[in-house]
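Please examine the sequence and the structure shown here before reading on.

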Amino acid sequence: DLVITEALTLARVESEKVNLDRAPYEASDLIARAIRGSRADPDRIRVSAPDRFTVDVDAELFPLALKQLIENAARYSPPQTQIHIDARNDPPVASFSIRDHGQGIKSGERERIFERYHRGSAGRRTKDGTGMGLAIARAIVESHGGKIWAENDPEGGARFTIMIPQPAGD
């Protein structure tokens with residue numbers, strides 16, 4: 001059951017005892033793993049990673065955070081529109097952004113959408129989703145010492161951005 005799986009994942013990641021198995025992985029491989037694990041139509045997804053680079057993350061958990069954002073973008077945008085994933089290496093951080101072409105996020109919901117069980121006003125009209133996906137993504141990103149935020153894109157839709165600090169020398 002999806003609700004139980006997501007609740008257990010969230011509890012595990014939010015616990016102080018989460019043990020990250022961090023190592024350098026190709027950003028493009030992490031993105032591909034997230035896309036394969038998601039329920040989103042891969043034909044809708046456009047990936048832009050200007051250079052090949054590695055990211056120091058947990059290879060099981062980090063793609064799960066990306067997967068949550070991909071599925072969120074697919075859920076909140078019209079089915080025929082594209083989902084854009086942009087990965088960049090900007091030492092001392094690596095950044096990943098996922099942009100959709102949906103209605104965007106109401107200003108009063110930008111922080112609340114990362115709370116567990118919160119579903120945006122558009123999400124309350126649909127049956128799918130547990131309201132835990134963005135909370136899971138935030139917990140995973142924060143366990144890596146990173147930051148995650150959401151904003152409306154000037155061209156329309158919502159953009160979720162993850163920034164993960166990288167060790168010196170990468």
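Asn 72 lies in helix α3, where helices are DSSP runs of H or I with at least four residues, strands are runs of E with at least two, and both are numbered from the N terminus. At a relative accessibility of 9%, Asn 72 counts as buried; buried means under 20% relative accessible area, exposed over 50%, and partly exposed in between, with a 1.4 Å probe and protein chains only. Apart from neighbours within four places in sequence, Asn 72 is in contact with Leu 134 and Phe 160, contact meaning heavy atoms within 4.5 Å.

The model is predicted, so that local features need pLDDT of at least 70 and side-chain atom pairs count only at pLDDT 80 or more, while totals for chains, interfaces and linings use all residues. Residues are numbered from 1 along each chain as its sequence is written, and side-chain values use heavy atoms, with hydrogens and water left out.

**The chain as a whole**

Four helices and seven strands form the secondary structure of the protein chain. Their order along the sequence is α-β-α-β-β-α-β-β-α-β-β. Of the 170 residues in the protein chain, 46% are buried. Among contacts between residues at least 6 apart in sequence, 71% join residues at least 24 apart.

**Helices α2 and α3**

The axes of helix α2 (residues 27-37) and helix α3 (residues 61-75) come within 8 Å and cross at roughly 55 degrees. That angle makes α2 oblique to α3; angles under 35 degrees count as roughly parallel, over 145 as roughly antiparallel, 65 to 115 as roughly perpendicular, and the rest as oblique. On the side of α2, the contact is made by Leu 30, Ile 31, Arg 33, Ala 34, Ile 35 and Gly 37, and on the side of α3 by Phe 62, Pro 63, Leu 66, Lys 67, Ile 70 and Glu 71.

Lys 67 belongs to helix α3 and, at 15% relative accessibility, counts as buried. Neighbours within four places in sequence aside, Lys 67 is in contact with Ala 34, Gly 37 and Ser 38.

**Helix α4**

Eight of the 11 residues of α4 are buried, so this helix is largely enclosed by the rest of the structure. The buried residues are Gly 133, Leu 134, Ala 135, Ile 136, Ala 137, Ala 139, Ile 140 and Val 141. Ala 137 sits in helix α4 (residues 133-143), and touches Ala 65, Gln 68, Leu 69 and Ile 148, not counting residues up to four places away in sequence. Ala 137 and Phe 62 are 75 residues apart in sequence, yet 8.3 Å apart in space, C-alpha to C-alpha.

| Residue | Relative accessibility |
|---|---|
| Ala 137 | 0% |
| Asn 72 | 9% |
| Lys 67 | 15% |

**Backbone details**

Most residues other than glycine have a negative phi, and most peptide bonds are trans. Gly 145, which follows α4, has a positive phi near 80 degrees. Pro 91 and Pro 92 are joined by a cis peptide bond, with omega about 15 degrees. Pro 92 is placed in the loop between β4 (83-90) and β5 (93-99).

Terms used
Axes are lines fitted to C-alpha atoms, for helices over the stretch in contact, and angles run from 0 to 180 degrees between N-to-C directions.
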